[in-house]
Amino acid sequence: MITVGALLRDESRGSHFKPAFPERDDARFMKTTIATFDAADHAGPRITYEEIDSSLLKPVKRDYGAKTTAPAGEQAKQ
């Protein structure tokens, strides 16, 4: 179910990265992925999406490949 949900997201978000789609696509995918499975129908997982409430916390890009620097006045701990 996780793999099918990831394959359907043509974007990169957080630790989910697709080289063909290196940027986030908030317009299409800032949603919760819901997977259901009915073993009787043998069709595999059914993927649907649910809108999220982002009114209290603004989404920001997480870039795990970027190098960060210590804030002014602080030295990086070694």
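In the predicted model, Lys18 is found in the loop that runs between α1 and α2. Despite this position in a loop, Lys18 counts as buried, because its relative accessibility is 16% and the limit for a buried residue is under 20%. When neighbours within four places in sequence are left aside, the contacts of Lys18 are with Ala6, Leu7, Arg9, Asp10, Glu11 and Ser12. Of these contact partners, Ala6 and Leu7 fall within the range of helix α1, which spans residues 2-8.

The protein chain as a whole has two helices and two strands, which follow one another along the sequence in the pattern α-α-β-β. The chain comprises 78 residues, of which 12% count as buried, and its accessible surface comes to about 6700 Å², with 56% of that area belonging to carbon and sulfur atoms. Among contacts with a separation of 6 or more, residues 24 or more positions apart account for 29%. With regard to confidence, the chain averages a pLDDT of 81, and 79% of the residues score at least 70; among the elements, the lowest mean pLDDT is that of α2, at 87, and the highest that of β2, at 93.

The structure holds one aromatic pair. This pair is formed by Phe29 and Tyr49, whose ring centres lie 6.3 Å apart and whose planes stand at 70 degrees, so that the arrangement is edge-to-face, given that angles over 60 degrees are assigned to this class. Because Phe29 belongs to helix α2 (residues 26-29) and Tyr49 to strand β2 (residues 46-51), the pair ties together parts that are 20 residues apart in sequence. The two partners are assigned to separate accessibility classes: Phe29 counts as buried, at 4% relative accessibility, whereas Tyr49, at 33%, counts as partly exposed.

Tyr49 also takes part in a nonpolar patch on the surface, which it forms with Val4 and Leu8, and the accessible area of these residues together is about 230 Å². Val4 lies in helix α1 (residues 2-8) and is partly exposed, with a relative accessible area of 31%.

Technical notes:
Residues are numbered from 1 along each chain as its sequence is written. This is a predicted model: local features need pLDDT of at least 70, side-chain atom pairs count only at pLDDT 80 or more; totals for chains, interfaces and linings use all residues. Side-chain values use heavy atoms; hydrogens and water are left out. Patches are made of residues with over 30% relative accessible area and no salt bridge: like charges are joined within 9 Å, nonpolar side chains (Val, Leu, Ile, Met, Phe, Trp, Tyr) within 5 Å. Accessible areas come from the Shrake-Rupley method with a 1.4 Å probe; for residues, only the protein chains shown count as cover. A salt bridge is a side-chain nitrogen of Lys or Arg within 4 Å of a carboxyl oxygen of Asp or Glu. Helices (H or I, at least four residues) and strands (E, at least two) are DSSP runs, numbered from the N terminus. Buried means under 20% relative accessible area, exposed over 50%, partly exposed in between (1.4 Å probe, protein chains only). Contact means heavy atoms within 4.5 Å. Rings of Phe, Tyr and Trp (its six-membered ring) pair if their centres lie within 6.5 Å; planes under 30 degrees apart count as stacked, over 60 as edge-to-face and the rest as tilted. pLDDT is the predictor's confidence in each residue, from 0 to 100.
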